Amino acid sequence: MKTLHNLERYRRQPRDQAGTALVMSLVILMILTMIGIAAMNTSSFEERMAGNIQEGTHAFEAAESGLNRSLNLPGALVLTTTTDNTYTFGITTVTQARVITAPTGMSPPKRGSGYSSTSFDAANFDQQSTGTVGTATSVVNRGIAQIVPK
């Protein structure tokens, strides 16, 4: 009789575990879903970061272009006044650069520049350019000198 009892127990065992495969597959599916959601969140965050870096780079380039354009503008370097110019770049995206040029004074030309300090002076200016693209802003500062006769 003991042998028959053991056979019945082995026959009943698969019936007792009939829902285990379903529960395990649901747990694995839930884990895979959570990994997929985390990957989607990470990729969308990285996409926003890349867009912000691109806007920041464009703002920096706009600020540099504003400085270059201000040097090519006649009358941008005036010894008596501060000039404030705004330049707009681009066709599809509004890109602006605001350049402020302020005189800081006179000094002798740099040694080795080829200009005599008895005949020439260097007019010094500070320039600050603020480039804006979308929500990104970049500020570039530089000092320049213009050789002028005494």
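Two residues are in contact when heavy atoms of theirs lie within 4.5 Å. Leaving aside neighbours within four places in sequence, V99 is in contact with G66, L67, S70, T83, D84, N85, Y87, Q127, Q128 and S129. Bear in mind that this is a predicted model, where local features need pLDDT of at least 70 and side-chain atom pairs count only at pLDDT 80 or more, while totals for chains, interfaces and linings use all residues. Residues are numbered from 1 along each chain as its sequence is written, and side-chain values use heavy atoms, with hydrogens and water left out.

V99 also belongs to the largest nonpolar core, whose 8 residues are A62, A63, L67, Y87, F89, A97, V99 and V140. Such a core is a set of buried Ala, Val, Leu, Ile, Met, Phe, Trp, Tyr and Cys residues joined through side-chain atoms within 4.5 Å; buried means under 20% relative accessible area, exposed over 50%, and partly exposed in between (1.4 Å probe, protein chains only). Helix 2 (20-72), strand 1 (83-89) and strand 2 (95-107) each supply at least two residues of this core, and helix 2 gives the most, with 3 residues. Helices (H or I, at least four residues) and strands (E, at least two) are DSSP runs, numbered from the N terminus.

Now follow helix 2 itself. Its buried residues are A59, A62, A63, G66, L67 and S70. An α-helix has 3.6 residues a turn, so residues three or four places apart point the same way. The buried residues of helix 2 pack against strand 1, strand 2, strand 3 (120-133) and strand 4 (136-149).
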